[in-house]
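Open the model in your viewer and keep the selection tool at hand.

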Amino acid sequence: MHATIKAISYFIPEKTLSNEDLAAEFPEWSVEKITSKIGIKNRHIANENETSLDLAVKSSIKLFEENKIDPNSIDYLLFCTQSPDYYLPTSACIIQDKLGLPTSCAALDFNLGCSGYIYGLSLSKALLESGQANNVLLIMAETYSKFLHQSDKSNRSIFGDAASSTLLSLQNNGSIFKFILGTDGKGEKNLIVRNGGLRNVKINNNEPDNGDFLFMEGSEIFTFTLKMVPKVVSSLLEKNNISMDEIDLVIFHQANKYMLETLRKKINIPETKFYYFIENVGNTVSSTIPIALANAINEKRVLKGSKIMLVGFGVGYSWGGTIIEL
């Protein structure tokens, strides 16, 4: 028996921010320019009082209803977010109660961004195959829109809010292969919300560069990505003793279309096996991979027995990759 992804569902908020909306606010940008540069037409934005925890609960209820899953069967909950409701308690504890999971269910938060799903799969596989859990509920949820200043047209054009919920269990069919994981904290300053934790308090004067809002040094992130992701892909193939020809579909973190296309060409991945799902959801941080994977399954781009390469990378810096078989 192997740890396997059994089901995925996701939830995106109703409110949208379109390229037309952005072009109206920033007349120097055209709808066509935004679309052609980043490949995104719409993003979904959480309401003022809607948090990542709320999105997580909604995506998990969808998972249970769509797949007829009994909440009582969940014995481990992993929740990945960088926008929790509180310093304490953990959001996972609150989600356990709101979903009606048994009190015998273990629950914890972990803080990662765009590599979060890969790390979550790694933890889930370890918990299942070591006998510590039978059914792991892995939830990703982010509301980066709440970190963005209204005048930050670049980041507002990229990021969208969303949550995804994945059920992992032990099964005879399917598997999760070996992982490549890595960290380089020297990149901390290039993607950061500097104020609001215990190191720096919020200034609250609404100045865009005061440290209260998300800052991304896009050129540095791009350089890091072009340097690291090709290494992750080659190491992943070598570690699992598999060739790119044997991979049916490649799903990278859906950062933006320009970055993805540059990576695809640099690594020489055929266009036919490289999957995009960003146009109408945007970069949803840790949920981009599970949302893309769920849609690839729904579109039958992958079937039972398909081998799919997943690679996440970003804030930290942090990166990770694995190969799954459905």
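A residue is called buried when its relative accessible area is under 20%, exposed when it is over 50%, and partly exposed in between. The model on screen is predicted.

**Cysteines**

Select C93. With a relative accessibility of 40%, C93 falls in the partly exposed class. Now show the sulfur atoms: the closest cysteine sulfur to that of C93 belongs to C105, 9.7 Å away, which is too far for a bond. A pair counts as a disulfide only if the two sulfur atoms lie within 2.5 Å.

Next select C114, which is buried at 7% relative accessibility. The closest cysteine sulfur to that of C114 is in C80, at 9.5 Å, again too far for a bond. How many disulfides does a search of the whole structure find? The search finds zero.

**Helix α4**

Select α4, residues 91–99. Colour S91, A92, I95, Q96 and L99, the buried residues of this helix. They sit on the same side of α4, because the arc they cover around the axis is only 140°. An α-helix has 3.6 residues a turn, so residues three or four places apart point the same way. Turn to the other side of α4 to find D97 and K98, which are exposed.

**Cis peptide bonds**

Go back to the loop between β4 (76–80) and α4, where P89 is located. The peptide bond joining L88 and P89 is cis, with omega about 5°. Y317 lies in the loop between β13 (307–314) and β14 (318–325). As background, most peptide bonds are trans, and most residues other than glycine have a negative phi.

**Positive phi outside glycine**

Select N206, in the loop between β10 (191–193) and β11 (214–216). Phi of N206 is positive, near 65°. Is this residue buried or exposed? N206 is exposed, with 51% relative accessible area.

End at K300, in the loop between α9 (288–298) and β13. K300 also has a positive phi, near 60°. Its relative accessible area is 62%, so K300 counts as exposed.

How values were computed:
Residues are numbered from 1 along each chain as its sequence is written. This is a predicted model: local features need pLDDT of at least 70, side-chain atom pairs count only at pLDDT 80 or more; totals for chains, interfaces and linings use all residues. Side-chain values use heavy atoms; hydrogens and water are left out. Buried means under 20% relative accessible area, exposed over 50%, partly exposed in between (1.4 Å probe, protein chains only). Helices (H or I, at least four residues) and strands (E, at least two) are DSSP runs, numbered from the N terminus. The arc is that of the directions from the helix axis to the C-beta atoms.
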